[in-house]
Structure formats: C-alpha cells, structure tokens
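Here are my notes on this entry. Please read them with the structure open beside you.

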Amino acid sequence: MAYGNKVIDHFENPRNVGSFDKLASDVGTGVVGAPECGDVMKLQIQVDENGVIKDAKFKTFGCGSAIASSSLATEWVKGRTLDDALKIRNSDIAHELSLPPVKIHCSVLAEDAIRAAINDLKEKQTVKV
Amino acid sequence: MQLDNHRPIYFDNHATTPLDPRALEAMMPYLKEEFGNAASRSHRFGWTAEEAVENARNQIARLIGAPVRKNDRGKEYTQEIIFTSGATESDNIAILGAAEFYKDKGNHIITVKTEHKAVLDPCKYLASKDYDVSYLRVGTDGLISLDELRKTITDKTILVTIMWANNEIGVLQPIREIGAICRERGVIFHTDAAQAAGKVKIDVETDNIDVLSLSGHKMYGPKGVGALYVRRKNPRVRLSPIIHGGGHERGYRSGTLNVPAIVGFGAAAEIAMNELEEESTRLKELRDYFWSEISTRLEYVELNGSLEHRLPNNLNASFAYVEGEALMMKMKDLAVSSGSACTSASLEPSYVLKELGVREELAHSSIRFGFGRFNTREEVEYAVGVVINAVEALRQMSPLYDMAKEGIDLSTVNWAGGH
C-alpha cells in the first residue's frame with residue numbers, strides 16, 4: 001500500500017507508545033478490535049483532577065494505518081477534556097492522515113478506542129463515588 | 001550492507017523474477033532486425049522467426065522431459081509445446097479445453113482448495129455450467145491425501161488439476177503418485193508447474209503428466225509468455241481451443257506469436273535446466289540458513305506448510321502478534337509479500353493458509369520470502385537482521401505481545417469486536 005507522508009511519519013516515529021497502570025484511578029483503558037480481524041488497539045488516557053487528559057499512550061497490533069491512526073489519536077486527545085475528546089471523529093483522523101478508502105476502518109477503530117478509554121475512566125470514577 | 005540506490009533487496013521471486021541478462025541477450029535481435037512473423041512462410045523474415053520459435057520450443061521441451069524428435073533432414077522438433085501468454089492462459093486452455101473436448105465422456109473435475117486462482121476460477125466457471133467440481137482438502141502440511149483423491153475419482157471424472165508447487169507456501173504435491181493414479185483410472189492429469197519449473201526436476205514421462213502449464217517470468221524469462229505441454233501419445237490428449245483465429249499453434253492457440261518473448265523464455269528454460277541442480281542446492285542452503293536464524297533468534301515464529309516437501313527457495317512464516325503489512329513497512333529494505341488481509345484487495349487473509357488450518361490472526365502475521373538466482377549470501381545475512389529488528393520493534397508496541405507475555409490465552413479473550 002502506498003501511503004501518504006503523514007501515515008509514514010506516524011508509523012516510523014509513533015507518538016506515545018507505551019502503557020499506564022490500567023488499575024490506576026486516573027487512567028482509562030480502551031481495547032478495541034480483534035486479532036482475527038488483523039487489528040487490536042489499546043489506547044489509554046490519564047486525567048488530572050480537573051478531568052483534562054494530561055497524557056495518553058497506545059499499543060497497536062495492526063497495519064501501518066492502524067498504528068498511525070492510534071498514534072494520531074493519542075496526540076489529539078492530550079490537553080482535551082473528556083467531553084472534548086469525545087468530539088474527535090474518525091473522519092477527522094482519516095482526513096488528517098489521507099487514508100485510502102480501504103483503510104477507513106482503521107480510523108473508526110481509533111475513534112472507538114478513544115470512546116472505550118473514556119467510558120472505562122467514567123465507570124471507574126462512578127464506582128469510586 | 002550498502003543498498004543499491006536505496007532499492008529494497010528483492011525476495012519476492014514467487015511473484016516474478018528478474019530477466020536473466022543471458023535471456024535478454026538472446027531476445028535482442030528479435031526485438032530489432034529479426035522482427036518477422038513466425039507464421040510468414042513466403043520470406044526470410046518469417047523463416048528466421050519460425051526457426052527461433054522452434055528452437056525455443058525444443059529448449060522448453062527438454063526442461064520438462066518432453067520428447068524432442070529429429071525430422072528426416074536431421075532437424076530437431078517437438079510437437080507437445082504450445083506457446084501462450086502465460087500460466088493463467090495455459091491453465092484456462094487446459095481446464096476449459098479438456099472440459100469442452102471431453103464433455104461427452106463426463107462432467108466431473110477434481111482440483112485442490114489451495115490451487116492458484118488461475119485454476120480455481122476456471123473451475124468455478126465450469127461449476128456454473130453443469131460441470132461438477134470436487135475440491136480436495138489439504139493437511140496442515142499443505143499436502144493432499146492420495147487416498148482422498150482415489151475415492152473422489154468417479155466414472156464421470158475427466159480431469160484432475162493439481163499444482164506442482166504452491167505459490168504461497170511452496171509445498172510440493174506428490175505429482176508422480178497423483179499422475180499414476182490418474183493414468184490407472186484413465187483420467188487426464190494437468191499440473192500447473194509455474195512455480196516448480198527450473199527449481200525441481202520435471203519429467204513428464206516418469207512423472208505421469210498429461211498437461212502442464214509453464215510461465216516465462218517465474219523462471220527468469222520475460223513476462224507475457226507461457227507454455228502448455230499437451231501429451232500426444234500414451235494417452236493422446238485433446239483440448240478444445242478457447243481462442244479462435246488463424247489456427248496458430250496447431251489450432252490450440254491462435255494469435256501471432258510473441259517471438260522475442262518466446263526466444264527469451266526458451267533461453268531461460270535452457271539456463272534453468274543446465275543450472276537447476278547447482279542453483280537449487282545454493283538456494284536451499286540460503287533458505288535453510290535464513291530459517292534457522294529466524295526461528296532460533298525470535299520467539300513465536302511458525303512455519304506454514306511442510307518444510308520437507310517444499311520448493312528449495314520458499315519460506316512462509318507467521319510472526320505472531322505482529323501484523324504482516326506493518327511488518328513489511330518496517331522491513332522496507334526487503335521486498336517480500338504477506339498473506340495479511342491488509343495487503344489484499346478483498347480484505348480477506350490468505351485462503352491458502354486458512355485451508356492449512358492456520359488461525360486467522362497468524363495468517364495476518366504471515367510473510368512469504370522467495371529467494372532467487374540473483375540473491376547473495378550477504379543479502380540473506382542482512383535480511384536476517386532486518387527481520388529480527390522489525391519484528392522486535394513492532395512487538396514492543398503490540399498489545400497482543402504484552403498479553404502473551406503476561407500468560408493470557410488470546411483465544412479466551414472476549415474481544416470488543418473488530419472490523
């Protein structure tokens with residue numbers, strides 16, 4: 001697949017690869033996809049006391065555009081409130097990375113991963129209260 | 001190692017091979033001054049072209065053990081080789097041609113689930129036209145069962161078509177035994193030998209073959225040319241043409257012959273025959289060295305298909321927890337291919353690996369390496385390092401690798417759903 005420069009850049013220099021402790025109360029973890037489909041994304045967010053995402057990490061099993069989409073997603077969520085992060089659309093990711101049509105599902109997965117991580121954090125915080 | 005003009009090292013010799021410079025040299029006169037039509041009988045241009053074509057026919061016949069006879073003027077000739085545009089066309093003539101010609105004898109065809117699409121698709125077409133097609137299964141080693149073949153042949157069976165070497169996993173079917181079964185039951189046996197020719201010894205007599213497909217560009221010849229061997233004696237095989245026209249190639253395949261390509265193909269066949277043993281030994285050594293390094297220095301690597309019954313130059317392995325397309329991007333100094341869905345237009349992982357029982361996530365993680373005549377030991381040593389570094393780097397960012405390391409059985413995880 002001949003990708004655009006932005007996918008290549010994120011693939012070759014992925015931002016925010018890594019993991020947080022998924023049991024920590026300020027960390028939300030989203031794992032989406034399935035191995036038999038060829039892509040699994042784990043995206044984690046860490047929030048400060050005001051509910052602003054101060055850091056994000058990812059690990060992805062998937063093709064070049066899946067890795068690039070998750071790398072971009074971690075960059076975009078940083079500094080946003082949870083509500084703001086929920087406004088990130090897969091179409092924005094696909095547009096930013098100039099993903100070819102057959103790779104749109106990678107951006108969908110990245111959006112799903114953001115939502116899953118936020119849901120996880122919200123559930124944790126509800127339980128705590 | 002210093003790459004030549006930043007071009008990746010070519011390890012995709014099952015897709016195509018570079019043209020051997022000696023084949024190119026043989027072609028040159030026929031691309032320039034010797035431009036005649038091999039069917040022109042009235043002047044020297046035509047005669048020269050025809051002679052070149054007949055010489056190539058003999059070269060190809062010798063590679064596969066087909067008879068080369070002498071006429072009463074001492075000139076060598078063969079009648080069993082037909083030139084086509086490539087192995088896809090050869091397979092189509094063999095399958096559609098036999099089905100049409102023998103339709104009064106029966107309507108049953110046997111093939112294998114792991115065949116190339118050039119065989120499966122003509123069979124699928126026939127299945128839509130009142131023919132019955134049986135698809136033999138393969139074991140985890142990629143091999144068919146001869147017993148299953150015996151049981152599948154009926155009195156309606158007119159053709160068995162089974163490839164010699166698989167294009168993805170390089171697995172070699174027991175061709176001689178299959179041919180013997182077909183001979184005993186009076187069924188025509190066709191084999192697609194596009195990947196096998198020039199790599200394993202072929203003898204259509206001792207291997208009991210009736211019809212055989214070849215491709216020029218898989219054996220260091222030019223693209224756009226192939227051949228079909230059609231047995232003329234014991235038994236005589238007849239095929240109906242699928243291209244109708246001026247009656248070229250004894251009516252089997254009309255159309256002006258591609259003389260320069262045929263000459264290059266012939267030269268490539270002669271080189272392949274002369275160098276087969278030495279080259280296969282060298283490539284097998286390179287392949288075995290590569291596999292031994294990869295499989296001992298990396299964990300979670302699985303070979304797909306039999307190692308014993310395999311082309312000397314093929315390796316197909318799955319690198320668990322790493323996706324094939326990403327791995328190829330990471331190994332950008334190497335030109336290889338993958339069975340991952342992400343590299344196919346259909347978004348389905350390799351059907352060949354699926355038939356072997358390879359789990360889907362491992363099919364996504366598969367890479368095919370095809371070593372070739374122009375690969376050096378130095379290139380293969382370099383490739384070992386590239387593969388190991390790329391796999392390790394991607395595993396560092398793979399959530400599945402982390403889970404495997406934590407001892408989680410991935411098959412028990414309830415995945416949130418994929419796409």
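What share of the 419 residues of chain B count as buried?

1. Burial. The share is 58% of the 419 residues in chain B. Keep in mind that this is a predicted model.

2. Overall dimensions. A compact globule of 419 residues would have a radius of gyration near 22 Å. Chain B has 23 Å, which agrees. Along the principal axes, the C-alpha atoms of chain B fill a box of roughly 75 × 55 × 35 Å.

3. Secondary structure and contacts. Chain B holds 12 helices and 15 strands. Take the contacts in chain B with a separation of 6 or more: 72% of them join residues 24 or more positions apart.

4. Surface. Chain B exposes about 18000 Å². Carbon and sulfur atoms supply 49% of that area.

5. Nonpolar patch. B:Leu19, B:Leu24, B:Met28 and B:Leu31 form a nonpolar patch on the surface. Together they have about 310 Å² of accessible area. B:Leu24 lies in helix 1 of chain B, residues 21–31. Its relative accessible area is 36%, so B:Leu24 is partly exposed.

6. B:Cys182 is in none: the nearest cysteine sulfur, that of B:Cys123, is 13 Å away. B:Cys182 counts as buried because its relative accessibility is 0%. In chain A, A:Cys63 has 0% relative accessibility and therefore counts as buried.

Methods: Residues numbered from 1 in each chain as written. Chains lettered and ligands numbered in written order. Predicted model: local features only at pLDDT ≥ 70, side-chain atom pairs only at ≥ 80, totals over all residues. Heavy atoms only, no water. Patch = residues over 30% accessible without salt bridge, like charges linked within 9 Å, V, L, I, M, F, W, Y side chains within 5 Å. Areas by Shrake-Rupley, 256 points an atom, 1.4 Å probe, with all protein chains shown as cover. Salt bridge = Lys/Arg side-chain N within 4 Å of Asp/Glu carboxyl O. Helix = DSSP H or I, 4+ residues; strand = E, 2+ residues; numbered from the N terminus. Buried < 20%, exposed > 50% of the residue type's maximum accessible area, 1.4 Å probe, protein only. Disulfide = S-S within 2.5 Å. Rg over C-alpha atoms; globule rule 2.2 N^0.38 Å. Contact = heavy atoms within 4.5 Å.
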